[in-house]
Amino acid sequence: AATGARRLEIQTGACRLADEIARKSITLVRNRELLLPLDPAKVKRVLVHFAIPAGLSEKDREHLDVFIHCLKKRGLELTVLENGNCLDMQKMEETGLTWDVYLVIYSLLVHQLKNTMRPTGRMAEVMWTQQNVETVRPITISLGTPFLLEEMPYLDTLVNAYSTSLSTMYAIDQALFGEIEFSTYSPVGIKSDALEKPGGPKFGICTNERLPTAEPVSRLLPLR
């Protein structure tokens, strides 16, 4: 019994630490249009567009479903699209569908985003779609590679989350709606002259340079 209690204590501590790390790690890399954080009073309909490479594990897919569940718990009306293209988006827009928020979520490791100057396949379709959508501005979230902005410099709103863990899914949901603060510290250098924080300084950094350390999260929400 003592061994079981100790194991439970260790597991609980690990979960708490994972939650805290996730909450402090969601990075607002770029916010040119000041779309974030979202105003819950103004968000009713959300389009969630997943960019998912072949071979994504079932466990990771289950975690993406948890993120969808978080949004549904907020009472939001969701449209979910996986690896769709411009025609899919155009057809929905032609039927009169509109959204208050358009989330484009990439689940890519560093080596999985190749040939971005001449993209092909599933990722190319998602990239072209978010560049050509007419009725709503995209908010891009990277769950893997932190180099998405370097590969896709046209992104106006980008959040780096670094993980597909359960703790990260909950933290993204909270950060998007302003319940926890975004970090503005990027652990990797990015070739960009427009890394911005609303109401704060603009950071012009080069590869191998880093953003200043973000202010600590002002408060942590109760554990789920």
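A: Contact here means heavy atoms within 4.5 Å. By that cut-off, Val-66 touches Leu-166, Met-169 and Tyr-170, not counting residues up to four places away in sequence. The place of Val-66 is in helix α2. Helices (H or I, at least four residues) and strands (E, at least two) are DSSP runs, numbered from the N terminus.

The model is predicted, so local features need pLDDT of at least 70, side-chain atom pairs count only at pLDDT 80 or more, and totals for chains, interfaces and linings use all residues. Residues are numbered from 1 along each chain as its sequence is written, and side-chain values use heavy atoms, with hydrogens and water left out.

Now the pair itself. Two packed helices are described by the angle between their axes and the distance between the axes. Helix α2 spans residues 58-73 and helix α6 spans residues 166-176. Their axes come within 9 Å and cross at roughly 30°. Axes are lines fitted to C-alpha atoms, for helices over the stretch in contact, and angles run from 0 to 180 degrees between N-to-C directions. Angles under 35 degrees count as roughly parallel, over 145 as roughly antiparallel, 65 to 115 as roughly perpendicular and the rest as oblique. α2 and α6 are therefore roughly parallel to each other. Their crossing is right-handed, meaning that the near helix is turned clockwise from the far one by less than a right angle.

Which residues meet? From α2 come His-63, Leu-64, Val-66, Phe-67, Cys-70 and Leu-71. From α6 come Leu-166, Met-169, Tyr-170, Ile-172, Asp-173 and Leu-176. By class, this contact has 10 nonpolar, one polar and one charged residues. Ala, Val, Leu, Ile, Met, Phe, Trp, Tyr, Cys and Pro count as nonpolar, Asp, Glu, Lys and Arg as charged, and the others, Gly among them, as polar.

Back to Val-66. Its relative accessible area is 18%, so Val-66 is buried. The cut-offs are under 20% for buried and over 50% for exposed, with partly exposed in between (1.4 Å probe, protein chains only). Val-66 and Met-169 lie 103 residues apart in sequence, yet their C-alpha atoms are 6.8 Å apart.

On the α6 side, consider Thr-168, which is found in that helix. Thr-168 counts as buried because its relative accessibility is 4%. Leaving aside neighbours within four places in sequence, Thr-168 is in contact with Ala-22, Ile-26, Ala-161 and Ser-163. Thr-168 and Arg-23 are 145 residues apart in sequence and 7.3 Å apart in space, C-alpha to C-alpha.

The setting is next. The protein chain has six helices and eight strands. From the N terminus, the order is α-β-β-α-β-α-β-α-β-α-β-α-β-β. Of the 224 residues, 46% are buried. Among contacts between residues at least 6 apart in sequence, 75% join residues at least 24 apart.

Most residues other than glycine have a negative phi, and most peptide bonds are trans. The bond from Leu-36 to Pro-37 is cis, with omega near -5°. Pro-37 sits in the loop between β1 (27-31) and β2 (45-51). Leu-34 is in the loop between β1 and β2 and has a positive phi of about 55°. Leu-34 is exposed, at 56% relative accessible area. Asn-83 also has a positive phi of about 55°, in the loop between β3 (77-82) and α3 (86-94). Asn-83 counts as buried, at 11%.
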